[in-house]
Amino acid sequence: MKYGAHVENSRESHRVTMQMGETVHTVHIAPRETGFGSSISGGELLFLALATCYCNDLYREATKKNIKVESVEVDVEGEF
C-alpha cells in the first residue's frame, strides 16, 4: 500500500495532507507564531505516529481474537 505526506507552508499558512492508498486525510496544524513553519515539531509527530500505530494495533489484534476493547490510552515519551 502506498503512503504519503505533503506539507505546504507559506506565511501564516500550514497545510498538511496525508495519504494511504486512495484515501486522503488533512490534519489542521497551525503555523508557528512567526508565521513560517509548523507549530508542531517532527519529533512530536513521530511520537504521535508511534502512539497511533500502537493504538490501532491493539484494536486490530483484539478484534482478531474476539476481545472487546472499549478504549485505549497510549503515552509515548522520549528525549532527543
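Start by selecting Met1, Tyr3 and Met20: together they make a nonpolar surface patch of about 400 Å². Patch members are residues with over 30% relative accessible area and no salt bridge, with like charges joined within 9 Å and nonpolar side chains (Val, Leu, Ile, Met, Phe, Trp, Tyr) within 5 Å. The areas come from the Shrake-Rupley method with a 1.4 Å probe, and for residues only the protein chains shown count as cover. Before you go further: this is a predicted model, where local features need pLDDT of at least 70 and side-chain atom pairs count only at pLDDT 80 or more, while totals for chains, interfaces and linings use all residues. Residues are numbered from 1 along each chain as its sequence is written, and side-chain values use heavy atoms, with hydrogens and water left out.

Stay on Met1 for a moment. It sits in the segment before strand 1 (3-10); strands here are DSSP runs of E with at least two residues, helices are runs of H or I with at least four, and both are numbered from the N terminus. Met1 is exposed, with a relative accessible area of 73%. On this scale buried means under 20%, exposed means over 50%, and partly exposed is in between (1.4 Å probe, protein chains only).

**Next stop: the pocket**

Which element gives the most to the lining? Colour helix 1: it gives 5 residues.

Now show the side chains of Asp57, Arg60, Glu61 and Lys64, which are linked in a network of salt bridges. A salt bridge here is a side-chain nitrogen of Lys or Arg within 4 Å of a carboxyl oxygen of Asp or Glu. By that rule the count comes to 5.

Zoom in on Arg60 and Asp57, whose side chains meet at 2.9 Å, N to O. Both residues lie in helix 1, 3 residues apart, about one turn of the helix. Arg60 is partly exposed at 42% relative accessible area, and Asp57 is also partly exposed, at 26%.

Then slide to Glu61 and Lys64, a salt bridge with its closest N and O atoms 3.2 Å apart. These two also lie in helix 1, 3 residues apart. Glu61 is partly exposed at 30%, while Lys64 counts as exposed at 60%.

One more salt bridge to click on is Glu70 with Lys68, where the closest N and O atoms are 3.7 Å apart. Both ends count as exposed: Glu70 at 67% and Lys68 at 70%.

Most residues other than glycine have a negative phi. Select Glu12, in the loop between strand 1 and strand 2, and check its phi: near 60 degrees, a positive value. Glu12 counts as exposed, at 57% relative accessibility. Asn66, in the segment after helix 1, also has phi near 60 degrees, and counts as exposed at 74%.

**Last stop: the aromatic pair**

Rings of Phe, Tyr and Trp (its six-membered ring) pair if their centres lie within 6.5 Å; planes under 30 degrees apart count as stacked, over 60 as edge-to-face and the rest as tilted. The count comes to 1 pair. Select Phe47 and Phe80: the pair is tilted, at 5.7 Å centre to centre and 35 degrees between the planes. Phe47 is in helix 1 (residues 42-64) and Phe80 in the segment after helix 1, so the pair links parts of the chain 33 residues apart. Phe80 counts as exposed, at 80% relative accessibility.

Gln19 is partly exposed, at 31%.
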